[in-house]
Protein chains: 2
Amino acid sequence: MSQYTAPIRDMQFVMRELAGLDEVAKLPGCEEVSADLVDAILDEANKFASGVLAPLNRTGDQEGARWDKGEVRTAPGWKEAYKQFAEAGWTALACEPEFGGQGLPKLVATAVMEMWKASNMAFSLCPMLTSGAIEAVTLSGTDEQKAAYLPKMVSGEWTGTMNLTEPQAGSDLAAVRTRAEPQPDGTYRIFGQKIFITYGEHDMTDNIVHLVLARLPDAPEGVKGISLFVVPKFLLNADGTPGARNDVHCVSIEHKLGIHASPTCVLAFGDHGGAIGTLVGEENRGLEYMFIMMNEARFAVGMEGVALSERAYQHALAYAKDRVQGTEMGVRGGPKVSIIHHPDVRRMLMSMKSQTEAMRALAYVVAAANDAAHRDPDAAVRAENQAFVDLMIPVVKGWSTENSIDIASTGVQVHGGMGFIEETGAAQHLRDSRITTIYEGTTAIQANDLIGRKTAREGGVTIKALIAEMRGVLPLLAERGSDESFVAIGKSLESGIAALEAAVEYVLATYGKDIKAASVGSVPFLKLLGIVAGGWLMARAALVSSQRIAEGSSDEFYKTKIVTSRFYADHVLPQAQALSYTVVNGAAGALALDEAQF
Amino acid sequence: MSQYTAPIRDMQFVMRELAGLDEVAKLPGCEEVSADLVDAILDEANKFASGVLAPLNRTGDQEGARWDKGEVRTAPGWKEAYKQFAEAGWTALACEPEFGGQGLPKLVATAVMEMWKASNMAFSLCPMLTSGAIEAVTLSGTDEQKAAYLPKMVSGEWTGTMNLTEPQAGSDLAAVRTRAEPQPDGTYRIFGQKIFITYGEHDMTDNIVHLVLARLPDAPEGVKGISLFVVPKFLLNADGTPGARNDVHCVSIEHKLGIHASPTCVLAFGDHGGAIGTLVGEENRGLEYMFIMMNEARFAVGMEGVALSERAYQHALAYAKDRVQGTEMGVRGGPKVSIIHHPDVRRMLMSMKSQTEAMRALAYVVAAANDAAHRDPDAAVRAENQAFVDLMIPVVKGWSTENSIDIASTGVQVHGGMGFIEETGAAQHLRDSRITTIYEGTTAIQANDLIGRKTAREGGVTIKALIAEMRGVLPLLAERGSDESFVAIGKSLESGIAALEAAVEYVLATYGKDIKAASVGSVPFLKLLGIVAGGWLMARAALVSSQRIAEGSSDEFYKTKIVTSRFYADHVLPQAQALSYTVVNGAAGALALDEAQF
């Protein structure tokens, strides 16, 4: 059985020493946030994650969710765990106090979210989708909708879903065909089929609040003719309690590679006269509302990358310390040793560890910027932080999830033959991680957003500011003189930044005149930015650690962090040159063939 | 349903224009091999692979092999397909004519093997393991053993297995504990448990020939005290037919991530008095015999990497041509297009295609060298070829299989959300490929062999000769003048070779004095050698293609090959620098932490 314990020390370090928890705590509305409070929250969340959710992860994978005549039964223990989760208040952590939420900063909520996702990703998807629905209604709903749905969703009594995809409309939401017909009473009747609806049906709560993209009659073609509707599973009685069954039904669930315990539903709307819904916000602005939420959802999926990487690392580390095989390399006839003694196993573990820490650092720094973007009293500071968040969300999403597949696969490799046996549990992390680069926008969709809206459209202002900030670390590294680790870190980071700059120049010069040529390099560009940003934060982490040691700290954590940062510089950052080369030179070869030549 | 058609044109190209089929056909014993014969064999094999084996691949995955009270039932259709396979003579293709084989060169057998593995990897494992057993008995068996077992295994009437692993003895075979007790009649009684035995039990043939590593009483400790035994499932009657049931029983099969239709067995030897076996070769030399065979088996698993990559590519390509989503990039309001029009999908497909072709080229070139190493009349030529084969087997195995995981994963990505749904079949390739970097020696075991026995021990003689040969291509590329593709190929290949040279120098300088430091870089070194060797062969392929075009060929294949080679140079070869940097600089960071600091 795979155990999980939240990496609280690293979480604290990143929050306090890289992401500026103290600064976040000074923001309006965060006055009650203190290091002690945060520690207490992390401890409680860790207890729930490791004690309740982690043990259900493997059984959930084995049992899966089951469909039977339109009903979905979640895996054994799921319903009880969800009840405990809601009762403990975890669904309300980051929500608005106005509707029963605790209003904690995103930075803190992010660390907690990492725990849910690491301990049991399939479970975590239910509150994650509910958060999205809460946000949609909070931002764009009517007062009636807010009053009817928000308190129930914030408390976890009801869950929420996001209904975007249809068979012909995946990445291309312009192709949505679901129809909404206005009724005399101001409601709408919804007709159509939605697929890939996470927790679209389940047995854990007595209502489910579906947010559904659909077209009004005579709506414009394409993305500007899509509206957003709330369609509850059970219509509400006058007193707000669930009443008549609405005409939305789960006609099947998917048999998937991973996240077996998370029901992925096909939902039929209106097969028996029309599902009754109400409009959210204005007509034809549904996609716009969705995109506001999408940033949150994309960030959350990026956290799945971080979380699954952490889980896979812990799993592999435990095995590597336990499994005895062979003797110490270079020692003939010596005693048998655990495989963590073998250099390649160590390389694999360090690779998992260093990348996971870099991804966590980046995600939490973005979360803190998100807090500033929402709460700072100074509009200029808000705007600057928002621009940074907008730039980095596709990176947190795309880079962390792409890495998580490799990292989970490396975890399997550490286990050798046992990794391929499902009983071991290592393979589940690989299977679960494989969805993360696909849903909430594939890596290509993220990369497209990154080079287009987030870089080229604004002439690279934000990314250049970020690069300048990264460059600011180089002299601090140089100040450490001949310290071997800092020399190595400085050298790789400097090369990495230069590689990133070359790629940025290429994108800025090319995007407007040859969008296809720029786009061939978009995914390599996204990975490049992730790798270099991760290297920048790992360098900052090493500098802070060195400072703490100089101040007299004997915490082993700081020594370890410097080593991990150096490993990242020697093993991960050097990929920056290759990616940059490909961004700058890779278009011609990729685009030369006709379809028939493939 | 995923289709498969063997990439016969590329196979022919590689065999004839890169691997020297004409030269192979001149070797003693290969006189009957002609281009026409080879084409006829490829055609027949393709019919069997695409018509019989490929359709069983998905059902085999779904149904799997089933264990019931010691018996294993293979998936529906398996038994019939195996019978056809044997009757058509496919089991005998590369075997010695003396025992009923057709004695075809390894180069031809390799192309055919690729088809079995691509069409149905789980099925292909049965004849692959049987080949290993045939080779063991051929090389080291007694005349009685040869007469009793070889004709039956060559004809496919019986299958063979390799019994190495035990729970405590995975990569570390020195830890084998299975015992063999000599009997007065010259036979041995075997006692012990073996795990991970591929096709250790099944219902397709009326006997199974187990080759088993075990220790004699008073055998020396470690690897020099292991002997090899033949232990048939059914003991043979005086007339050679299967008689009494032997005391070897399948006590369970594993529930695995992939290759579900290939039963992975736990075999108990001697629970009821002892399994009767006979000694192969001399006492205590079992591991040595195994290692001779291991080269073949490792090469075959390398071919699984090539084959699964090809299958995943075909699968993704078909989807990309069929799936309509979005409009042509840069064209607003245009018609919807198939996703192969999108630059990132194209990048993914080209990445799959170019790497698969590079891996195929390397594997076939090694196969041809293997033919020369076995058959050339000149001992010096044999030795030179054998050294090249020995150097490259770990690369064919490690590099192709590591790539196949990424390539299969990219195949899933091309499918978007559908890739995560098992029904689509794309995920199966990822699941199946995940074992290939583990069995027959993990990538670390291959890499260890590569930097130690194959490089450092001989002072780098063979690898330096290979590098010189690679360098020989650079002036030929330069002769193409300002042709953009050849400039790009030449530039990347030259940098790649330089990166490889730096890494070779590091390994040679470090291995003897700090084996751990050298070993940290062993897997990056293996990948580096694979990438650069692949780049060298893709450059040769581009040169040949350019020559054919200059000679007047209008075959689109040649134009496509130049583009694919260029893509490889721009997208794959640049990784060489990063890997080289890590080999040379990566040890300190990887080895610095104490176990407790993890």
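Student: Why is R58(A) called buried?

Tutor: Good place to start, and keep in mind that this is a predicted model. R58(A) has a relative accessibility of 14%. Buried means under 20% relative accessible area, so R58(A) counts as buried.

Student: Where is R58(A) found, and what does R58(A) touch?

Tutor: R58(A) sits in helix α3, residues 35-63 of chain A. Setting aside residues up to four places away in sequence, R58(A) touches E422(A), E423(A) and Q428(A).

Student: What makes the pair R58(A) and E422(A) a polar contact?

Tutor: The side chain of R58(A) reaches the backbone oxygen of E422(A) at 3.2 Å. The cut-off for such a pair of N or O atoms is within 3.5 Å, so 3.2 Å passes the distance test.

Student: Is N370(A) buried or exposed?

Tutor: The relative accessible area of N370(A) is 9%, and buried means under 20%, so N370(A) is buried. N370(A) lies in helix α9, residues 343-375 of chain A. Leaving out neighbours within four places in sequence, N370(A) is in contact with K106(A), E296(A) and V389(A).

Student: How do you know that the two copies are related as by a two-fold rotation axis?

Tutor: Chain B superposes on chain A by a rotation of 180° with 0.0 Å of shift along the axis, at an RMSD of 0.0 Å. The two copies are therefore related as by a two-fold rotation axis.

Student: Why do we say that the copies meet through the same surface?

Tutor: Because 100% of the interface residues of chain B are also interface residues in chain A.

Notes:
Residues are numbered from 1 along each chain as its sequence is written. Chains are lettered from A and ligands numbered from 1 in the order in which they are written. This is a predicted model: local features need pLDDT of at least 70, side-chain atom pairs count only at pLDDT 80 or more; totals for chains, interfaces and linings use all residues. Side-chain values use heavy atoms; hydrogens and water are left out. Helices (H or I, at least four residues) and strands (E, at least two) are DSSP runs, numbered from the N terminus. Buried means under 20% relative accessible area, exposed over 50%, partly exposed in between (1.4 Å probe, protein chains only). Contact means heavy atoms within 4.5 Å. Copies are superposed by least squares on the C-alpha atoms of residues with pLDDT of at least 70 in both. A polar contact is a pair of N or O atoms within 3.5 Å; within protein, one must be able to donate a hydrogen and the other to accept it, and residues adjacent in sequence count only if both atoms are side-chain atoms.
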